[in-house]
Amino acid sequence: MHQTKNGRQTTQTRPSTYLNEAVAIWLRDLRSEFRTRYALNAILMFAVTTLIAVSFSIGSFRIEEAERPFLYAVLLWIILTFSALSGLARSFVKEEEAGTMDILKLSARPQAVFLGKLLFNLTLLGAVELIIVPSFILLMAYQINFPGFFIAMIISGGIGLAAGTTIIAAMISRASARGALFSALSFPLLLPLMITAIKGCERAAVGIGTAGWPEVKMAVAYVIVMVIMSLFLFPLVWEE
Amino acid sequence: MIVRALLTTWMAVIIIAAFLYAEAAQGFPGETSRILFFHVPQAWIATLAFLISMIASVLYLAKRNVKADYIAQSAAELGFLFCVLATVTGSIFAKATWGSFWNWDPRQTSIVILLMIYGAYFALRSAVPDTERKRVFAAAYSILAFAAVPFLVFVVPRITSSLHPENTMNPASPGMDPKTLKVFLGSLFAYTGLFVWMLRLKIRILTLEGWRVRDLFR
């Protein structure tokens with residue numbers, strides 16, 4: 001607190017940077033998510049339901065041993081991608097529904113909003129992956145020969161899912177028929193990432209060697225391109 | 001008017017030449033190689049339209065000129081049309097030569113993703129009620145999609161082992177029959193002319209529609 005000349009007290013404000021604005025939005029979203037657990041419950045229930053359906057109908061021994069690395073990678077990434085598509089739009093839709101969009105526009109710079117929401121989506125997806133991936137491995141008796149590479153692929157693929165969809169979420173929050181539209185818009189953008197991640201997980205399971213980590217590098221490149229494009233485009237979308 | 005007449009005549013000449021003047025290429029069953037004169041220009045237009053739509057989207061976001069949005073939308077709609085045509089003709093060719101209409105050949109994969117992007121673009125346009133916002137969102141999506149597409153080139157499996165005949169029928173390769181080359185280039189020119197004509201027509205329609213709505217609410 002400072003005393004000004006006429007005796008009134010003012011609070012000293014630190015100059016806000018992109019980073020602490022983004023972190024503030026991230027923490028605020030986490031807090032509100034922790035109270036309602038709406039998004040997490042929605043995504044997690046979707047993921048668990050699909051996982052159970054897959055596990056129940058296929059089981060761990062129905063697929064030939066030679067086919068498993070590829071087919072399991074496909075199933076895992078279908079579960080993860082569509083779970084992400086079922087809930088990640090929530091981060092912006094909730095602002096629109098609660099009518100807090102305008103306040104958010106006034107209180108933070110667009111890029112910071114984007115980064116904050118991206119962080120939140122990453123946290124959400126991380127939590128889902130933390131539960132779904134080990135369950136999938138246990139339920140399906142998934143043999144992984146390169147755990148380090150597998151984990152790197154899951155993490156980089158998850159970041160890719162969030163990076164590719166966050167700006168789409170901002171767009172569809174102002175449109176009608178949001179849920180269906182979110183999947184329709186995101187899927188073509190996510191397909192290259194999904195194919196990469198499937199190949200990566202297959203490689204981790206089949207044991208043909210992980211020299212150079214090509215799929216992980218590819219996913220990281222995808223993340224970089226999508227985040228940079230989003231940082232350019234987001235202010236235009238956000239201020240419209 | 002005169003341009004349209006010339007285009008019609010040129011197109012007719014190309015169609016006749018494609019069946020009567022050019023000879024069927026070796027190594028393809030029957031007359032199937034004649035698809036070259038129709039399918040390849042269609043695919044070329046689909047890609048060109050996608051590119052034009054993206055460039056017009058960038059221009060729209062930079063200048064906020066309505067005309068740029070009309071170009072982006074028109075190019076996308078025509079691109080979608082030619083994309084469907086290329087997919088269907090390609091699929092018929094696939095049945096005739098490879099034995100199945102669809103086998104997820106790399107070329108088929110990439111054209112399906114192009115179709116999906118176009119579809120998503122129209123879905124977005126129709127779902128945003130506010131006109132100005134719709135234009136910005138559509139432009140942003142178009143650019144984003146254009147950034148994601150190149151990744152496919154690296155990830156689509158078996159890209160080198162595509163069944164798609166390009167080495168045998170590549171116009172740049174010396175193996176192409178001169179008659180075939182002539183008709184092919186003529187067809188490419190005809191299709192591009194057709195596309196430009198349709199594009200201008202579509203832009204004019206959108207401009208007129210824009211006027212009518214604006215006048216109503218004035």
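User: At what angle do H6 and H9 of chain A pack?

Analyst: In this predicted model, helix H6 (residues 110-140) of chain A and helix H9 (residues 214-239) of chain A pack at about 110 degrees, axes 8 Å apart. Axes are lines fitted to C-alpha atoms, for helices over the stretch in contact, and angles run from 0 to 180 degrees between N-to-C directions. Helices are DSSP runs (H or I, at least four residues), numbered from the N terminus.

User: What does that make H6(A) relative to H9(A)?

Analyst: Roughly perpendicular. The cut-offs: under 35 degrees is roughly parallel, over 145 roughly antiparallel, 65 to 115 roughly perpendicular, and the rest oblique.

User: Which residues of H6(A) and H9(A) make the contact?

Analyst: H6(A) supplies A:Pro110, A:Gln111, A:Val113 and A:Phe114. From H9(A) come A:Ser230, A:Leu231, A:Phe234, A:Pro235, A:Trp238 and A:Glu239. Contact means C-beta atoms, placed from the backbone, within 7 Å. By class, seven are nonpolar, two polar and one charged. Ala, Val, Leu, Ile, Met, Phe, Trp, Tyr, Cys and Pro count as nonpolar, Asp, Glu, Lys and Arg as charged, and the others, Gly among them, as polar.

User: Where does H9(A) bend?

Analyst: At A:Leu233, by about 40 degrees. A proline, A:Pro235, follows within four residues. The bend is the angle between axes fitted to the seven residues ending there and the seven starting there.

User: Switching to the chain contact. How many residues does it take from chain B and chain A?

Analyst: 25 from chain B and 24 from chain A.

User: Which helix gives the most on the side of chain B that touches chain A?

Analyst: H5(B), with eleven residues. That side of chain B has 23 nonpolar residues, no polar and two charged.

User: And how do H4(B) and H5(B) cross?

Analyst: Their axes come within 9 Å and cross at roughly 165 degrees. That makes H4(B) roughly antiparallel to H5(B). Among the residues in contact are B:Tyr121 of H4(B) and B:Phe137 of H5(B).

User: Back to chain A. How do H1(A) and H6(A) cross?

Analyst: Helix H1 (residues 18-36) of chain A and H6(A) cross at roughly 45 degrees, with axes within 8 Å. They are therefore oblique to each other. That contact has ten nonpolar, three polar and three charged residues.

Key. Residues are numbered from 1 along each chain as its sequence is written. Chains are lettered from A and ligands numbered from 1 in the order in which they are written. This is a predicted model: local features need pLDDT of at least 70, side-chain atom pairs count only at pLDDT 80 or more; totals for chains, interfaces and linings use all residues. Helices (H or I, at least four residues) and strands (E, at least two) are DSSP runs, numbered from the N terminus. Two residues are in contact if their C-beta atoms, placed from the backbone, lie within 7 Å.
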